[in-house]
Amino acid sequence: MSKQGSQNSFLRTIILVSTFGGLLFGYDTGVINGALPYMAQADQLNLNSFTEGLVASSLLFGAALGAMFGGRLSDDNGRRKNILYLAVLFFIATLGCTLAPNVTVMIIFRFLLGLAVGGASVTVPTYLAEMSPAEKRGRMVTQNELMIVSGQLLAFIFNAILGNIMGDTSHVWRYMLVIATLPAVFLFLGMLRVPESPRWLVSKGKNVEALQVLQQIREAKRAKSELIEIQVACTREEGIERATFKDLNVPWVRRIVFLGVGIAVVQQITGVNSIMYYGTEILKDAGFETRAALIGNIANGAISVLATFVGIWLLGQVGRKPMLLTGLIGTTISLLLIGVFSLVLEGSTSLPYVVLILTVTFLAFQQGAISPVTWLMLSEIFPLRLRGIGMGATVFCLWIVNFLIGLMFPILLDKVGLAATFFVFVAFGLGAITFVKKCLPETKGLTLEQLEHKFRTYDEDYPDKLVDA
């Protein structure tokens, strides 16, 4: 094999190993979908609708905190070392959940698992972006998104297999959960074999080590020129004064942070994660038996993976705003039809199949349009000086809204029923469409500098917010 071939091969190994963090993220958020019906039984954890919500959403609350502190820890310890620590936390927390004797222990370890998920959600994409050559960065970073939805699909497949083979064993949920220890071990062993991010090494003054890493994944001439680029960028960033919460007094800064938080909230209030976490419960409520619901739920995972491929392709073809609006209109109509058919076909044998078709349609719009645009726009709208406060506030709000929906969904399903629950999400969807139509600018085709200028100067949507350029 040529030297360049071995460099490319090593880079592929780095991508595969590190994105197991994304796979664990997906598996641990998706596995609860099939485990809850068994976990809830009286001879197991004896869950009601409130404790079901707590078990599912405690991970999400942990993820909010993990995302908030994960970036800072990776800045202090290094990306590679941080991912190693996260692999250990994934392993310990997964075992804790698997062996949990009661709901209190389960919630504690789900929270710890959430810290790992949140930490992985910020550290893995950063590591990938810093290891990748500029021309491959988009493709490499989005592979983490693919691993997340692939992890959820794997969770749904294993849930269906175990539920149908061992469904008569009430503690089958423990087998569903323990599978996640295997990718955690692979992540840990794999990260021992890959190098630290060269950008982090330069930021700590370890330029010789950074060059050695670059020479492992780039040809020699490019490794030296890239090292110089990184050194220049790090020197420039040292001179940049980072934004603080005091800067929110400046209208254009406040507006960008408002838009970032708005985009994050829009992605969550469609109710996507109610389907990813409670899909089996939704299909059971519509009329499927547990084993059939577990099999049906695989369709939700499969369409998520396929739609993510389509979404990544669409990003290069159409504008962000029309793509987001199309996705929101599609998801809102799908939810409206679930609510309507749940009333019209109540008790009918066809209802569960109609609901399954509509949840698959919903996820096609969500994962094919809304989710790809969300993460791309969040990476585009924040200038370097605002990136810390902007992404911190945005990702924290995203996970907190995710947590609230995860907590409230089973309670709504229990108290007001399937139809009324989805009508609530329809109302949220209409609010999201209004926000995007009135407030969101188009970012496609603009450089980051042009976007910053656009926010700094007069904006026709906010004629009262004139700002000094």
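**Close-up views of a predicted model**

**View 1. Helix α14 meets helix α19.** Helix α14 (residues 272-286) packs with helix α19 (residues 417-439) at an angle of about 150 degrees, and their axes lie 11 Å apart. That angle makes α14 roughly antiparallel to α19 (angles over 145 degrees count as roughly antiparallel, under 35 as roughly parallel, 65 to 115 as roughly perpendicular and the rest as oblique). Axes here are lines fitted to C-alpha atoms, for helices over the stretch in contact, with angles from 0 to 180 degrees between N-to-C directions. Helices are DSSP runs of H or I with at least four residues, numbered from the N terminus. On the α14 side look for S274, I282, D285 and A286, which meet L418, F422 and F425 in α19; contact means heavy atoms within 4.5 Å. These contact residues divide into five nonpolar, one polar and one charged (Ala, Val, Leu, Ile, Met, Phe, Trp, Tyr, Cys and Pro count as nonpolar, Asp, Glu, Lys and Arg as charged, and the others, Gly among them, as polar).

Before moving on, please note that this is a predicted model, in which local features need pLDDT of at least 70 and side-chain atom pairs count only at pLDDT 80 or more, while totals for chains, interfaces and linings use all residues. Residues are numbered from 1 along each chain as its sequence is written, and side-chain values use heavy atoms, leaving out hydrogens and water.

**View 2. Helix α2 crosses helix α6.** With axes 9 Å apart, helix α2 (residues 20-30) and helix α6 (residues 103-131) pack at an angle of about 140 degrees. α2 is therefore oblique to α6. The crossing of α2 past α6 is left-handed, a term for a near helix turned anticlockwise from the far one by less than a right angle. G21, F25 and D28 of α2 make the contact with R110, L113, V117, A120, S121 and V124 of α6. Sorted by type, the residues of this contact are five nonpolar, two polar and two charged.

**View 3. Glu226 in helix α12.** You will find E226 in helix α12 (residues 220-238). E226 has a relative accessible area of 12% and is buried (buried means under 20%, with a 1.4 Å probe and protein chains only). Leaving aside residues up to four places away in sequence, E226 touches L214 and R218. The C-alpha atoms of E226 and P133 are 9.1 Å apart, although 93 residues separate them along the chain.

**View 4. Two buried cysteines.** C97 counts as buried at 2% relative accessibility, and C439 counts as buried at 14%. The structure holds zero disulfides, a disulfide being a pair of cysteine sulfur atoms within 2.5 Å.

Conventions. Helices (H or I, at least four residues) and strands (E, at least two) are DSSP runs, numbered from the N terminus. Buried means under 20% relative accessible area, exposed over 50%, partly exposed in between (1.4 Å probe, protein chains only).
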